Amino acid sequence: MMELKHLTEDVAYIPGAVNIGVIKTGDTVTLIDTGLDKDSGRGVRKILEAEGLKLGHIVNTHSHADHFGGNDYLVRNLGAQVYAPPIESGIIQNPLLEPVYLFHGATPIKDLRNKFVLAKPSPVHHLLEPGVTSIEGKTMQIIPLPGHSFNQMGVLVDDIMFCADTVFSERVIEKYRIPVVQDVGKHLETLEKLRETNHSWYVPSHTKPTEDIIELVDRNLETVNAILEDVQGILDEPKSSEEVQTELCISYGLDLGVVQQYYLIHTTVMAYLGYLYEEGKVKIELKNNKLSWVLV
Ligand SMILES: [Zn+2]
């Protein structure tokens with residue numbers, strides 16, 4: 001059963017697999033993300049109706065299916081207007097692009113067409129831009145948080161920061177070991193910037209709100225830096241990206257039993273290799289038509 005938890009009079013959230021922000025904006029409320037699918041959309045609708053709240057807008061932080069999958073139901077049934085960051089908005093409107101990029105740009109196989117990576121399309125009515133913005137007279141700040149996703153953005157309202165998938169909990173890190181990142185360099189910068197902030201509450205998408213973000217930031221920085229070390233450790237001789245992934249998973253005791261999990265991790269491994277390459281730490285060797293990565 002979903003419920004509404006207030007952090008202040010105007011700012012609340014619905015705890016769940018993805019925490020959904022609920023902000024009072026004028027006579028209506030604005031949601032931050034909508035969960036995985038129509039069931040989460042329906043659950044949100046029930047709560048809003050029970051509380052006598054009218055939905056006006058949705059802000060999507062990024063284009064991963066579990067963050068905008070509830071849009072379709074809510075837009076069709078309650079006529080919400082959607083805000084999303086540029087780039088992310090392209091995927092939200094054309095969700096096939098997520099499995100397409102996971103499958104290296106080719107038409108995705110059926111294993112990559114389930115709701116966890118392929119949500120229903122949603123219109124995007126307004127592009128989010130960083131800086132101060134106002135929805136129905138309520139002032140909020142849009143904060144760029146790129147890294148986990150190309151153009152992820154968070155929302156700061158009444159000194160409460162909805163910080164999306166910038167940080168994962170100890171539990172998630174222990175379980176998945178290689179948290180999804182699309183741009184390692186930007187992710188590191190985002191974490192460092194987040195560390196310098198001091199807001200009254202932080203609401204990450206996949207763990208409970210906290211008044212102190214530093215511990216979580218440090219745990220996530222540590223995770224990224226350890227993976228960077230481990231990838232370089234593996235590249236003492238030339239290896240393909242698949243070999244790097246396999247060795248990394250073995251050393252972390254991971255067992256990728258699902259095709260989709262394999263491709264999510266593969267994209268993340270590519271992000272680590274790309275970062276090390278751009279930093280001049282590894283180079284590419286193209287020999288006998290095989291592309292390998294090796295330490296410089
Ligand atoms: Zn995400």
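Leaving out neighbours within four places in sequence, threonine 8 is in contact with Asp158 and Ile160 (contact: C-beta atoms, placed from the backbone, lie within 7 Å). The model is predicted: local features need pLDDT of at least 70, side-chain atom pairs count only at pLDDT 80 or more, and totals for chains, interfaces and linings use all residues. Residues are numbered from 1 along each chain as its sequence is written.

**Threonine 8**
- Threonine 8 sits in the loop between E1 and strand E2 (11-14); strands (E, at least two residues) and helices (H or I, at least four) are DSSP runs, numbered from the N terminus.
- Threonine 8 counts as partly exposed because it has 14 C-beta neighbours inside 10 Å (buried: 20 or more other C-beta atoms within 10 Å; exposed: 12 or fewer; partly exposed: in between).
- Threonine 8 and serine 63 are 55 residues apart in sequence, and their C-alpha atoms are 27 Å apart in space.

**Sheet**
- An open sheet of 7 strands has the order E1-E2-E3-E4-E5-E6-E7, with mixed pairing (strands pair if DSSP finds at least two bridges between them).
- Its edge strands, E1 (5-6) and E7 (126-127), each pair on one side only.
- Strands E3 (residues 20-25) and E4 (residues 28-32) run antiparallel and are joined by 5 bridges.
- Isoleucine 23 has threonine 30 in E4 as its bridge partner.
- Helix H3 packs on the sheet and touches E5 and E6, its direction making about 155 degrees with that of E5 (axes are lines fitted to C-alpha atoms, for helices over the stretch in contact; angles run from 0 to 180 degrees between N-to-C directions).

**Helix H3**
- Asn71, Tyr73, Leu74 and Val75 are buried in H3 (residues 71-78).
- The buried residues of H3 pack against helix H1 (38-50), strand E5 (55-59), helix H2 (65-68) and strand E6 (81-84).

**Nonpolar core**
- The largest nonpolar core has 75 residues, and those touching the most other members are Ile20, Val22, Leu31, Cys163, Val231, Tyr272 and Leu273 (core: buried Ala, Val, Leu, Ile, Met, Phe, Trp, Tyr and Cys residues joined through C-beta atoms within 7 Å).
- Helix H10 (residues 259-278) supplies the largest share of this core, 9 residues.
- Beyond four places in sequence, valine 22 is in contact with Leu4, Ala12, Tyr13, Ile14, Val29 and Leu31.

**Helices H9 and H10**
- The axes of H9 (residues 241-251) and H10 come within 10 Å and cross at roughly 110 degrees.
- H9 is therefore roughly perpendicular to H10 (roughly perpendicular: 65 to 115 degrees).

How values were computed: Two residues are in contact if their C-beta atoms, placed from the backbone, lie within 7 Å. Angles under 35 degrees count as roughly parallel, over 145 as roughly antiparallel, 65 to 115 as roughly perpendicular and the rest as oblique.
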